[in-house]
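Subject: Structure handover

Hello,

Here is the structure I promised to pass on. Please open it first, then read my notes below.

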Amino acid sequence: MNGATVLIIEDNPLNVELASDLLQASGFTIRSTNTAEEGLRIAREWLPDLVLMDISLPGMDGLCAARALKADAATAHLAIAGLTAHAMKGDEGIALGAGFDAYLTKPIDTRTFVATVNELIVSHSNKLNS
Amino acid sequence: MLVGLYFLGGLLGKQGAFLSGQVVLVWPPAGIALAAILLFGYRFWPGVAVGAVLFACINGTPLGLFTLGTAIGNTMGAIVCTFLLRQISGFSNSMERTRDVTSYVALACFLGTTVNAAFNVVGLIYSGGASWDDLFSETLAWWVPNALAALVVAPFIITWASPSTRKLNRRLVFEAICCGIGLVGGTVLSFNSWLAQGIQNYPLAYLPFPFLVWGALRFGPRGATTGTLLVTGLAVYSLLKGTGPFVANTERESLMLIGSYIGILAVTNLLLAAGASERRIAQQAVSESEKRFRAIVEDQTDMICRFKPDGMLTFVNEAFCRFHGKSADELVGQNFFKTLSEEDAAIPLSYVNSLPKEEPVVAFDHRLRSPEKVFVWHQYRIRRLFTETGETFEFQAVIQDITQRKQSEGDLRASEEKYRSLIDNIPDVVWTANFSRDVSYIGGNVKKVLGYSSEEVLASGGKQWIDHIHPDDAERVTRAYQALFSRNEKFDVEYRVRRQDGQWIWLHDRALTTRWRDADMCADGIFLDITQRREFELALQRAKDAAEAANLAKSQFLANMSHELRTPLNAIIGFSEVLTDKLFGDLNERQLKYSNNILNSGRHLLQLINDILDLAKVESGRAELLCNSFNVAKVLQDAQTIVKTLAIKKGISLEFNVPADLPPLFADEGKFKQILYNLLSNAIKFTPDGGRVTLTTSLGAPGECLRISVADTGIGIKPEDHERVFQEFEQVDSSYGRQQQGTGLGLALTKRLVEMHGGEIMVQSEGIEGQGSVFTFVIPIQKPAPRVVPALPTPHSHAEILHPRVLVLANNDSHRQFLTDYLSGAGYQVSSVTNDEELRASFNQTVPFAVVAHSDNFASEVELAACCSKIPPRVPLVIFWCNEDEMPEFRVFSTNGPIRNSAPRLMDAVRGVRRSSGKELKTVLVIDDEPAIIELLAVTLLKKGFCVLSSTNGQAGVDLARAHIPDVVILDISIPDFDGKQVVQQLRAHPSTKDIPVLIHTATSLDEPERCDLTAQVQSITFKNEQEVLFAELERLEKMTNQNLELEETL
């Protein structure tokens, strides 16, 4: 979708590069940062359409950040998707419970990534509007 | 002197002469002579003789026979008297016995003096003074004076000259003097008539008698004889004067009368004196005896007393008085039973009363209160004393204080109780048994352990004990027990016994000492029920084995995994490298960036995998150090080069401080480099751009260890994290750190690697950014350890007969083929089976040296254990696998798991030793003309794992030796046509065989020169009936060879 904004909060530069290149190639506008604190700041300011958040971050981890975003009225409406290499049973449940609206596991499937992101943004805004 | 006395005596006699100076009343010289001989012995007779002669001369009596006769007579008389007295009656000179006196009177006075008289008379007759007709009267006339002399004079001299048993004191002397005065007075009075006229010649002869008796009784023989002498003297004097009661009509008559008076007086006196003396002496003896016994009685520590049947005390000894605290006077007369309190007296009283007449003695112990109100124990022994008529006269009580003894008894009992209680309550059972295991003492707690009471155990014998031992253990235990007695070897065994209820338990039985008890040697020991402990041990062992097996499994898993994991990475890294290198065409910027991303991620992954595997290997103990001596400086140089690119990228300056004179380090070079690289790269990674990394090398504890420090100016590590950083997957929690893409394993691995070398690693840091951290590790500069070089064995194939037989078990064809090929290549005779049934069947035919199975053959421990149980106990089950270096490993397993470390060669695994090089099988060449002997030796040799070559012919044997170069040659000397000596010569001659040790094994004994020759050339000479000596030699040789080999390697 053209013009949609995505904030990527991820500490591994290669992963950032992969995700943002893919999305940028499809017309998304991307900003990225490697710490949750920074990400929160940008999110409040920029209010992107989607926040792609890695769970395991240095300092504040993704779960906390998600909760923080949801707790803050200014950012509570933002769509937050979790990205993580942790793939244990139950992790998904925890993530969703923490406030993630969606959950993606690494390594990402590059073929479906963009479509998934699109879908997430659309369904979330539908949810909001309804 | 004697002569003088005799002379004097003679003079005296002369004075007393009565009849014309020729006949005297008393002839003192005879008495003197007798006394002299009696007192001084026979040798004095010359004195007597000479004296007599002299007297005769001086007296004017014509010399001649008379004189001679007198002389002889006196001498002879004295001698004969003495002889008679001495020989016949054991006469004692002091005349203190009536017996002595009686015999004296009889023998001396009557018999002896007759001799005197005889000689005198004969002399007289022969000198013409008398005629033979007057013999009797003359003899009598001469006898009387002699007899009287013997009665009066001689005793006087004798008694005064002999030691007396009387003690003189002043009172006695005074008394004596009084007596003497009285005596004299009386005598004078009786023989004179001074008092009144008309009393002249009155028969008052008895007047002296009281005084005489007094003298005799009081003063003994001396008194008696003195009295007699005095009276005699006075009587004679009076008679000469013509006064006294004995004056008669004729001289002869008077002589006779007074003679008899004096004689009777003397004899009576002497007898009296002797009698009195006897009595006195007896009394003295009694009193002495009494004193002695009294002393004994008083000296007793026992209390002794005597009391009448009614209880009245008649005698108490010192101890008795002391006990009661009263004096003897106070106690005697008191009632014995009243000396004790009423209750205390009751028992003795009852005993005394009930003492039967026939049994006079009773003994009993009695507790009572002493006068100080302390409880004491006394042992009473009361004896009834009888009079001569059989009546009870007195009781005698001997009382002994046995308080101490009772106390000791009590203490002993208490002590015994204590120890018994102790022994009965400890879990160990104490026993004492003899050589045949007959138990003479067993602790009471045996009932708890074995179910048999101690009585039952004591009653049963050694055989019963042995019967209760488990049959598998019985022999071992019995042997050990016997060895205890015969060789004093320590007896410490564990075995199973059957309890009374049939249950089997394990006992740990030990003998602590052996000692002699009566005439039997016996052992003291303890045993303990260790069933539980054994179970624990077993469980522990199983757990350990399970853990080891798990570890083994994990390592194997990892080894497999490494292969699996690396394979895809090969593609990832490979292809991306190819792309990046634009090998097959150009790439645009983005494509290049992407393929670089792929490559870097791939490499990162590879590093991770390697680190994980390294760590896993180190943790499971499977990493081995391949040490060599290398130059530290050079290695540091290399490391510097490697990390320089990294450092330059970040603008970090590298500083290496390496002293020039570092000694070579003996360590695993590769791992050392790994440590260095890790620390350096960490330092660089965690230092921001423009920082500095410094490496310092120094020698610590002079020459003992190498110290290397890597310091950076990076972000540092907080003190609370110092320990954490060395743990796996721990990374410092900072954004900066995470960016560095570390594996998180580096320091953990580094720490392990350092510690494998026996070193230490530590970190210093405040955690302050800019100050960085310093990692220091220390490695000891060790001596070279024996090289562990897994060399692939070069199997020797022997075209000859006897090889150890191994059985290969493999359900997989390729495994089976591989193992068969490998082992037969190494010289074994290999047969194979594919499953357990076949395995079991094969054992019916032959028993192999070992069963070798591939590790893949068993899916689980359980299967392995099951397989193990199907194999006869003496045959080892060896598991084979290839380790990660593709090297063969053999390991012996039992039903409980692996029993030894693995080894690169089958032989070593079975024998449980490590060899670092050398042939797989040691070869022995046996040369003997008798095949039977070869067979015999071969059986044992094969069992020991040797490869056996044989030959019955000397020449063939030498050829074989040259072809195969065996390790040892066993040679019989007496081989026909080509005997042992020649074999030895030939072997020594050839350069390839000259160093082979030869053991001579012969049936015949060699004569000296042969022996000497050979001893110089061969290792040993043993005899065919001493096979064990041969094998001992073989072992010794092996040991030596191995030592040599090891020595060679280390040089």
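B:Trp881 is buried, because its relative accessible area is 6%, under the 20% cut-off for that label. This is a predicted model, so please read every value here as computed from predicted coordinates. B:Trp881 belongs to strand S23 (residues 877-882) of chain B. Leaving out residues up to four places away in sequence, B:Trp881 touches B:Gln556, B:Ser855, B:Met887, B:Pro888, B:Glu889, B:Arg891 and B:Ser902. Take B:Arg891 from that list. B:Arg891 and B:Trp881 are 10 residues apart along the chain, and 8.7 Å separates their C-alpha atoms.

B:Arg384 lies in strand S6 (residues 375-386) of chain B. Its contacts, again not counting residues up to four places away in sequence, are B:Leu355, B:Pro356, B:Lys357, B:Pro360, B:Thr392, B:Glu394 and B:Phe395.

Next, the aromatic rings. There are 22 aromatic pairs over all chains. One of them joins B:Phe307 and B:Phe395. The pair is stacked, with 5.6 Å centre to centre and 25° between the planes. It links distant parts of the chain. B:Phe307 is in strand S3 (residues 303-307) of chain B, B:Phe395 is in strand S7 (residues 392-401) of chain B, and the two are 88 residues apart. B:Phe307 counts as buried because its relative accessibility is 0%. B:Phe395 counts as buried too, at 4%.

Another pair is B:Trp465 with B:Phe527. This one is tilted: 5.5 Å centre to centre, 45° between the planes. It also links distant parts of the chain, with B:Trp465 in helix H16 (residues 462-467) of chain B and B:Phe527 in strand S12 (residues 520-529) of chain B. They are 62 residues apart. Both B:Trp465 and B:Phe527 are buried.

B:Phe307 and B:Phe395 also belong to one aromatic cluster, together with B:Phe320, B:Phe336 and B:Phe337.

Two arginines sit over rings. The charged end of B:Arg367 is over the ring of B:Phe375, 3.9 Å from its centre. The charged end of B:Arg437 is over the ring of B:Tyr481, 4.7 Å from its centre.

Now a helix pair. How do helix H21 (residues 669-685) of chain B and helix H23 (residues 746-756) of chain B pack? Their angle is about 145°, and their axes are 10 Å apart. The crossing of H21(B) past H23(B) is left-handed. On the H21(B) side, the residues that meet H23(B) are B:Lys671, B:Gln674, B:Ile675, B:Asn678, B:Leu679 and B:Asn682. On the H23(B) side they are B:Gly746, B:Leu747, B:Leu749, B:Thr750, B:Leu753 and B:Val754.

Last, confidence. The model scores ipTM 0.75 and pTM 0.37. Chain B averages a pLDDT of 78, and 81% of the residues score at least 70. Where pLDDT is low, predicted coordinates should not be read in detail.

Best wishes

Definitions and conventions
Residues numbered from 1 in each chain as written. Chains lettered and ligands numbered in written order. Predicted model: local features only at pLDDT ≥ 70, side-chain atom pairs only at ≥ 80, totals over all residues. Heavy atoms only, no water. pLDDT = per-residue confidence, 0-100. Phe/Tyr/Trp six-rings, centres within 6.5 Å; stacked < 30°, edge-to-face > 60°. Helix = DSSP H or I, 4+ residues; strand = E, 2+ residues; numbered from the N terminus. Buried < 20%, exposed > 50% of the residue type's maximum accessible area, 1.4 Å probe, protein only. Lys NZ or Arg CZ within 6 Å of the ring centre and 35° of its normal. Contact = heavy atoms within 4.5 Å. Axes fitted to C-alpha atoms, helices over the stretch in contact; angles between N-to-C directions. Left-handed = near helix turned anticlockwise from the far one by under 90°.
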